[in-house]
Amino acid sequence: MTQDELQALRSDFPILAEKVYGKDLIYLDNAATTQKPRCVVEKMADAYYRYNANIHRGVHRLSQVATEANEQARDEAARFLHAGHRHEIIFTRGATEAINLVAFSYGEAFCHEGDEVVVTVMEHHSNLVPWQMLCERKGMKLRVAPMNEAGELDLPALYALLNERTRMVAVAHVSNVLGTVNPVREIIAKAHARGIPVLVDGAQSAPHMEVDVEALDADFYVFSGHKVYGPTGIGVLYGKERWLDAMPPYQGGGEMVGTVTFERTTYNELPFKFEAGTPDYIGSVALAEALRYVQRIWLTRIAAHEDALLRHATRRLLEVDGIRLIGTAREKGAVVSFLVGSIHPYDLGMLLDKQGVAVRTGHHCAQPLVDSLGIPGTVRASFALYNTMDEVDRFVEAVKRAAAMLQ
Ligand code: PMP
């Protein structure tokens with residue numbers, strides 16, 4: 001990406017011109033949520049202003065336009081993930097709801113007492129707690145795959161956990177704490193060899209790399225719109241038709257039904273079976289705009305740009321006295337977690353904030369992982385397509401200043 005291209009892209013994001021405490025905002029909390037380009041916000045306003053009407057149920061024109069826009073958004077999401085069928089795309093509130101949907105509904109259909117679910121030590125609470133809840137509900141066992149010191153999954157140990165009782169492997173594509181890119185394709189192939197389906201938590205991969213769910217052969221893949229430059233409150237569950245068809249509805253209500261009588265209700269076909277109630281049809285339309293936005297830039301170019309930022313940040317952070325990088329996997333996404341000496345991550349984060357640098361501190365919703373490392377948390381900088389090398393340099397200078405004050 002040239003400097004001119006980058007500056008042009010930055011001007012798509014009005015918030016990047018904001019000041020924080022009178023300083024230029026350096027926004028490095030992109031793993032938590034990304035900023036929104038003007039086209040996404042304008043798409044939402046346009047939908048509200050020109051064709052807002054509840055979808056699917058109206059005979060009137062506006063409702064038809066809104067319904068079509070929502071279904072075109074589904075097509076866009078299917079294209080984005082290279083899904084085989086549009087009805088394999090379920091709109092949810094986000095990655096969290098998508099995982100809860102699968103854990104509940106797949107669990108109802110396929111899991112029994114004594115069965116097992118395999119997760120990994122680096123899962124976000126969203127890809128851990130729903131499985132724990134399933135295990136509690138059904139009397140099942142949660143098995144946890146370990147990692148090595150660099151933060152790479154111990155694959156032989158993971159594969160050794162797979163057995164005839166395993167009903168699901170749930171794994172993050174990219175760790176939100178360590179940045180590790182997990183070899184999900186290989187994991188899926190190994191699990192499939194034993195007839196075990198795999199859910200891939202794509203919350204941290206969808207914004208940063210080209211994802212092809214069919215090439216991966218993922219059974220389920222989830223992501224959140226707000227991390228891919230889209231709005232909050234909308235996300236995607238991709239599921240293979242054969243699983244989704246065999247799974248019962250997650251929630252009951254309007255639109256997910258066929259016919260309803262007091263005696264018996266039949267359910268709608270896919271994808272509507274899993275979309276009870278009024279969906280976020282404005283969110284879906286804006287999400288589609290965001291997906292078109294990143295595809296116009298090309299995800300491969302975004303990935304290359306972010307990789308350059310990550311390498312530069314890693315190199316420069318190593319200049320900081322007492323730095324300890326948390327997560328040094330060979331394959332890493334746009335996340336760098338670290339500690340400096342014995343400084344508490346929260347104190348460092350506070351002083352970075354005062355210098356206009358937005359990072360995240362704490363356990364990043366992966367408390368078991370952070371506990372297993374015996375640390376109080378990390379400071380995490382995470383990059384997006386609009387970050388610059390200059391911002392990385394100013395961030396590192398801010399870390400040095402903050403550390404000098406605290407040490
Ligand atoms: N999984 C991972 C790896 C994440 O980083 C996040 C968000 N921090 C989630 C799941 C949950 O996403 P959301 O809160 O948007 O549902």
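## Close-up views of a predicted model

**View 1. The largest nonpolar core.** This core has 67 residues, and those with the most contacts inside it are F80, L81, Y221, F223 and L385. Helix α10 (residues 281-297) gives the most to this core, with eight residues. Apart from it lies another core, of 29 residues, including L325, I343, L348 and A398. A nonpolar core is a set of buried Ala, Val, Leu, Ile, Met, Phe, Trp, Tyr and Cys residues joined through side-chain atoms within 4.5 Å. Buried means under 20% relative accessible area, exposed over 50%, and partly exposed in between (1.4 Å probe, protein chains only). Helices (H or I, at least four residues) are DSSP runs numbered from the N terminus.

The model is predicted: local features need pLDDT of at least 70, side-chain atom pairs count only at pLDDT 80 or more, and totals for chains, interfaces and linings use all residues. Residues are numbered from 1 along each chain as its sequence is written, and side-chain values use heavy atoms, with hydrogens and water left out.

**View 2. The surroundings of F223.** Contact means heavy atoms within 4.5 Å. Neighbours within four places in sequence are left aside. F223 is then in contact with F80, L81, G94, A95, G202, A203, A206, V228, G235, V236, L287 and L291.

**View 3. Helices α12 and α14.** Helix α12 spans residues 345-354 and helix α14 residues 389-406. They pack at an angle of about 125 degrees, with their axes 9 Å apart. Axes are lines fitted to C-alpha atoms, for helices over the stretch in contact, and angles run from 0 to 180 degrees between N-to-C directions. The two helices, α12 and α14, are therefore oblique to each other. Angles under 35 degrees count as roughly parallel, over 145 as roughly antiparallel, 65 to 115 as roughly perpendicular and the rest as oblique. From α12, D347, L348, L351 and L352 meet F395, A398, V399, A402, A403, M405 and L406 of α14.

**View 4. S105 in helix α4.** Helix α4 covers residues 95-110 and holds S105. S105 is buried, with a relative accessible area of 0%. Not counting residues up to four places away in sequence, S105 touches M247, P248 and F274.

**View 5. E71 in helix α3.** E71 sits in helix α3 (residues 61-81). At 13% relative accessibility, E71 counts as buried. Its contacts, leaving aside neighbours within four places in sequence, are H56, R86 and F272. E71 and S284 are 213 residues apart along the chain, yet their C-alpha atoms are separated by 8.8 Å.
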